[in-house]
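Thanks for asking me to look through this one. Here are my notes as numbered points, for you to follow with the coordinates open.

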Amino acid sequence: MSIRNLNRMFAPRSVALIGASDRPQSVGAVVARNLLRGGFDGPIMPVNPRHTAIESVLCYPDIAHLPVVPDLAVIATPPAGIPAMIGELGERGCRAAIVLSADFGRGVAGGIDLCQAMLDAAKPHLLRIVGPNCLGLAVPGIGLNATFSHIRPLAGDVACLTQSGAIATTLIDWAAGRGIGFSHMVSLGDMADVDVGDMLDYLAHDGHVRAILVYVEGVTEARKFMSAARAAARTKPVIILKAGRYAAGAKAAASHTGAMTGADAVYDAAFRRAGMLRVRSLDEMFSALETLSHARLMPGERLTIVTNGGGVGVLATDALMELGGMLAELAPATLAALDKVLPAAWSHGNPVDIIGDADGARYAAALEIVLTDPQTDACLVLNCPQAVISTVESADAVIQALGRLGTRAQSKVMVNWLGEGAAREARAHFAASGLPSYETPERAVTGFMHLREFRRNQRLLIRVPPAIPAEFSPDPPQARAIVAAALAAGREWLDEADSKTLLAAYGIPVATVRRVTQADEVADAAREIDRPVAVKIISPDIIHKSDMGGVALDLATPEAAGIAAHAMLARIRAAKPGIRIDGFAVQEMVTRPDALELIIGLGADPTFGPVLLFGRGGTAVEVIGDKAVALAPLDMMLAHDLIGSTRVARRLAGFRNVPPANLDAIALSLVKLSQLAADLPEIVEIEINPLLADPDGVMALDARIRLGTGAAFSILPYPSALERRVTLGDGTILLVRPVKPEDAPGFERNFQKMRPEDIQHRFFAAMKALPAQLLARLTQIDYDREMAFVAVPPDGGEAGDGYGVVRIAADPDNERAEFAIIVRSDWQGRGLGRHLMALIIDYARARGLGEVWGTILRENTGMIALVRRLGFTIRTDEDDPGLVTASLMVRAGK
């Protein structure tokens, strides 16, 4: 739904517990105890007609007798009466409820109808519901513990969202023993209303939340989830554990593409695209929680290991290498400094083995030197228990050394004190000092890699993709005509000739092919091509032609091609009597000796929509299993990242005497498939296998295309339908179109053409250049929640070389949107600003927004005058007299 009224859920002023009880071990009793003993500073009102008091607090017989309208209601009653309770609560003004009760599920008679009745009762009042079938939620910072957990979560700055109550209690129990706290602990249960997407939206804007931990079993409303996840991951680490990675049974897929774009691979691609960090076990989630609770972002990816035991240093190194990490190469000055403080037998390299008899002073001396090494971005300190040295003393020495070095040095350090007993006490000291501490070297390395991956994801989010080559000019009408003809004929699969014609319409190079209906016509078709050919059967009943002997290769003469076609026809009809055969495809044989066989494809995931596939191709594609998937839409940067996720990428880079393949041509082919998916939603599956790739480019030798009902994009593609031409008062014609990621270089060029006062008016600050993170935010548009239009020359000009930009960013409720506009200094006074503002207002009205608003510097009198003429109301900002707020109601009835 949205984040509306979630503030009542997580920052309530009053709470009612409906179904409170004093019966030992009942849910109502445990929740009452947790609420009343949690330290919440506000009225908590138990409701139960059978009790006069709960935990010495007056109990009310029903909702009607509550003396105060609760902001939040916690419901622990049988489900049958819950819809009526929700309706009554809503009428009284309550706007949030937690439904702990189960028995709303598919396996319960009437459960789904009951759940819908509950939602119907809540809807008129915009009352938000967490649950049903959940543990509840806790906000430890305000003393709110509306759960039936046996342990109260500590206060902290990590939020945890989980669909499983059991996972929630496990995390609370584990964290409490290590002094780790939570800003929010939310058990979402069946997510009838509030889901993971809503929570990510809410937490992304909470400055008290430093990181978010998520456990999910599935995603609902994928588009909302992706928008929320991308927004949250831009601001803080989001680590996710997805259960159900392996299906109990898989349906047979009709193509290699269908078989290879498995559901879990798509989830992996979605999490990666959103900038989230995926973990794959509870053990790894514990490491993540430890990391997020104490560690800060590292400046780089190079790790130095300091240890008193060579063996554990090797184990840590092995774990690092296995996960793709990097050891720091210590500078000569660092090695020389370590020589002066360590025994002669130390390792003289990284890992830094300071020998088993190392005391606290030796640890401190080595650590102080290592942390000043220019190659060291992070340091992992390991300790094995020794009979002659106090484990706790060594831990305290490390803590004291970091205290002397300051917070910057401390932010680079992680520790692993092995063992129990004394090691447990040492870990408690580390926790108290805010150092991330782990029980094994492997967990510690995993924690470091979490931080590395988050850092990489943040860098990916601000990378600028290269422009798509101007020569890519697809022909959608031709492609639509092919699809329409096939649908009219009732065909699910396009034949090979139509498939290749359609691909050619989108600029994907294909081998020359002729389609004939009879075996007797094959020789003439081969003669027309005038070079060696391949002959392939065309049948709606055969998907993989080679499996049925429906492919003959390297036919040097027309006569050989004709003989092969007759033999193929006889063989297939003998093997499968009654099969439908529509003819033959006669295709030129393509000889490219240095080419690699690849597979690229498009699939339709039921949750996330169109998905692109890339990998090593050929007839053994599934056996080789070298593939990766990515969500559509793709740009050139994302396509290169997809290619780089496979093993074959190393071969494409060149090996021995084989030159590198044209990676840009491969990436562009993936982008073309992505565009095809956006233009033709009737296409649900494409497989090009093999796609030959060499230094000269690519060539599609075989292709299959399936038609059907496609799934919606979870990330909206570029909305080309919004492009339009405008004519200024002086007759100048401009193209106004949505902003693309490729516009970033043009934005930087235009920024340099702005007067300082115009920059001040737009960004409320003096700037000499656009910071990379801001540039990414201005050009990487989530078209589902925001829109930005740029005015460019009528021929499109160079990417981003525009004269003015207007944008709005809507809240997750799609109620209000903030606008901003800038017109290049040398284009002001020509009416462009008025055209852009009118366009964005029309867009806001069309998408159903209620209000467009913006903040303007009071000194920017020209802008204030413009919005006044457009009907905006101007009022002084309550917090800053130097600002005014402009507001326009755009929805009918507002």
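1. Let's begin at Val415, which stands opposite Ser437 in strand S20. This is a predicted model, so please read every value below as computed from it. S20 covers residues 437–438 and runs parallel to S19, with two bridges joining the strands. On the pairing with strand S18 (residues 378–383), S19 again takes part in the parallel sense, this time over five bridges. There, Val381 is the residue that stands opposite Val415.

2. How many residues of S19 are buried? Five of the five are, so strand S19 (residues 413–417) counts as mostly covered. Val413, Val415 and Trp417 point one way, while Met414 and Asn416 point the other way, and all are buried.

3. Next, helix H21 (residues 558–575). Its 18 residues reach 26 Å from the first C-alpha to the last, close to the 26 Å expected at 1.5 Å a residue. The buried residues of H21 are Pro558, Ala561, Gly562, Ala564, Ala565, Met568, Leu569 and Ile572. Why do they line one face of the helix? Seen down the axis of H21, the buried residues fall within an arc of 160°, so they share one face. On the other side of H21, Ile563 and Ala574 are exposed.

4. For the aromatic side chains, a search of the whole structure finds 11 aromatic pairs. One of them is Phe225 with Phe271, an edge-to-face pair at 6.3 Å centre to centre with 65° between the planes. Phe225 belongs to helix H7 (residues 222–233) and Phe271 to helix H9 (residues 263–274), so this pair ties together parts that are 46 residues apart in sequence. Phe225 has a relative accessibility of 1% and counts as buried. Phe271 also counts as buried, at 0%.

5. Another aromatic pair is Phe751 with Phe763, and is this one stacked or tilted? The pair is tilted, with the centres 6.2 Å apart and 55° between the planes. Since Phe751 lies in helix H26 (residues 744–751) and Phe763 in helix H27 (residues 756–763), the contact ties together parts that are 12 residues apart in sequence. Both Phe751 and Phe763 are buried.

6. Back at Phe225 and Phe271, the grouping goes beyond a pair: together with Tyr267 and Phe608 they form one aromatic cluster. Tyr267 also has a charge over its ring, as the charged end of Lys242 sits 4.6 Å from the ring centre. Elsewhere, Arg830 lies over the face of Trp827, at 3.9 Å from the ring centre.

7. Now the backbone. Most residues other than glycine have a negative phi, and most peptide bonds are trans. Which peptide bonds here are cis? One joins Gly131 and Pro132, with omega about -5°. Pro132 is found in the loop between strand S7 (128–130) and strand S8 (136–139). Another runs from Asn350 to Pro351, with omega near 10°. Pro351 is likewise in a loop, between helix H12 (332–341) and strand S17 (352–353).

8. Two positive phi values complete the list. Glu55 is not a glycine, yet its phi is about 55°. The loop that holds Glu55 runs between strand S3 (53–54) and strand S4 (57–58), and Glu55 is partly exposed, with a relative accessible area of 36%. Phe764, also a residue other than glycine, has a phi near 60°. Phe764 lies in the loop between H27 and helix H28 (772–779). Is Phe764 buried or partly exposed? Phe764 is partly exposed, with a relative accessible area of 34%.

Notes:
Residues are numbered from 1 along each chain as its sequence is written. This is a predicted model: local features need pLDDT of at least 70, side-chain atom pairs count only at pLDDT 80 or more; totals for chains, interfaces and linings use all residues. Side-chain values use heavy atoms; hydrogens and water are left out. Rings of Phe, Tyr and Trp (its six-membered ring) pair if their centres lie within 6.5 Å; planes under 30 degrees apart count as stacked, over 60 as edge-to-face and the rest as tilted. Helices (H or I, at least four residues) and strands (E, at least two) are DSSP runs, numbered from the N terminus. Buried means under 20% relative accessible area, exposed over 50%, partly exposed in between (1.4 Å probe, protein chains only). A charge sits over a ring if NZ of Lys or CZ of Arg is within 6 Å of the ring centre and within 35 degrees of the ring normal. Two strands pair if DSSP finds at least two bridges between them. The expected span of a helix is 1.5 Å times one less than its number of residues. The arc is that of the directions from the helix axis to the C-beta atoms.
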